[in-house]
Amino acid sequence: MRNGSAGTAFWGLLARDGMGLWRRRGELLSPLIFALIVATLFPLALGPESTRLSSVAGGVCWVIVLLAGQLSLDALFRSDAEDGSLDAMLVSGQPLYLLALAKILLHWLSTGLPLLLVAPVIALALGMPPSGVATLIFALLLGTPQLSVIGACAAALTASLRRSGILLALIVLPLAVPVLIFGAGAVEAVLVGGQASQALLLLAAGAVLSLAFGPLVCASAMRMSAS
Amino acid sequence: MSEPAAQLAPPLLATEGLCFMRGEEPVFGPMSFSLKPGEVLMIEGANGSGKTSLLRVLAGLLEASAGSVSHGSDDRSGPGWQVYLGHNGGMKADLSASENLRFATRLTGLRKGTSIASSLKSAGLEGFEDTPLRFLSAGQRKRAALAGVLLAPAALWLLDEPYANLDQNGQILVDRLLETHSSRGGAALITSHGLIRPAVTRLSRIPMACNHA
């Protein structure tokens, strides 16, 4: 690819931010550690009875993934807004849609994917039957990209604020409720002996929609943050 | 375009009655000027007079409240037709100068006949190519950012305080970059707080204006 093409800009941004994350790889672990700690709190709070734990395991996994995913959001655009590289991206004349997509992909690869791999372990530890775990993995595969899209839009919107803190969660969590409902619903349906397909199809529809239109929203949020 | 002279050198950048307000408060304007190929224009003004806002409006990062910015006949649809250097440089502190420049060239393209190594050398950063920027001084980081300007294929440079943080050699470096750029038909708009005397042949200066109603 020729330097300066939309493709090199996309991969270049992914490579640059990926390298930056690798330099601070300790930060990559914090959502995972948070997820594992929260998961161990549930047996302590609810008691070790396996029936009670396994009946809430699906919902618990989803809430943990949702909350742990928030931890790395603030960093997604903040340093770009502070060091002027957000300006450089906007002035470059490259399609912002693609640059926003690279940011979303980066968040999913660095946070969504690791959580997706840890969640089945948590689910099994809480006593979820294997059929439920399979559905959980599939639902997370469809749901976590949507969480990354919503999160990236909110992070771009709050990037120029000195501290976004709770504001980021206040924007993201209400928007993430449908993902949570259908994601946890799919797992629940399988566990009570029903079909998960309806919830999974709705999740898939949401994933398609948010990946198609989310980068547009994220791009205009990036533009607003620079002005 | 009836005059042949105008056809020969359409301005790369021209503004007409450009004003900018932040809320109800006027920041600058009206300002009208044009920048032709081979020219360097220095915008002078005190701290807080709106120089950075002007550059951000020209770069398209802020929307003007009134007036217009036009870009001559140049093709400005593609990437890398202009370069904007803000005062914070646009570089990642965790990455080295050459890693930052690699991203910059992927984003905006690479000028023919330049390379990352050669631009870092001419910016005086030889030996610091692979040091993360957080370990470099403010002046060295400025030099890294200037090396990025050198690499971009852009004809129009918008540089916010290019002389800030630089030692004497660094200021001579900026003069040399501007001279080279204007001699090959590029144009640059730079800002300064007034004490800087750039040694550039085709330099004109205009003060920041703020007197609109």
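## Secondary structure of chain A

In this predicted model, chain A contains nine helices and zero strands. Its order along the sequence is accordingly written α-α-α-α-α-α-α-α-α.

Along the principal axes, the C-alpha atoms of chain A occupy a box of roughly 55 × 35 × 30 Å.

Buried residues make up 49% of the 227 residues of chain A. For contacts in chain A between residues at least 6 apart in sequence, 82% link residues at least 24 apart. Two residues count as being in contact here if their C-beta atoms, placed from the backbone, lie within 7 Å.

## Contact between chains A and B

The two chains touch through 28 residues of chain B and 23 residues of chain A. On the side of chain B that touches chain A, the elements that give two or more residues are strand E5 (82-85) and helix H3 (97-108) of chain B. H3(B) supplies the largest share of that side, six residues.

By residue class, the side of chain B that touches chain A consists of twelve nonpolar, eleven polar and five charged residues.

Key
Residues are numbered from 1 along each chain as its sequence is written. Chains are lettered from A and ligands numbered from 1 in the order in which they are written. This is a predicted model: local features need pLDDT of at least 70, side-chain atom pairs count only at pLDDT 80 or more; totals for chains, interfaces and linings use all residues. Helices (H or I, at least four residues) and strands (E, at least two) are DSSP runs, numbered from the N terminus. Ala, Val, Leu, Ile, Met, Phe, Trp, Tyr, Cys and Pro count as nonpolar, Asp, Glu, Lys and Arg as charged, and the others, Gly among them, as polar. A residue is buried if 20 or more other C-beta atoms lie within 10 Å of its own, exposed if 12 or fewer, and partly exposed in between; C-beta atoms are placed from the backbone.
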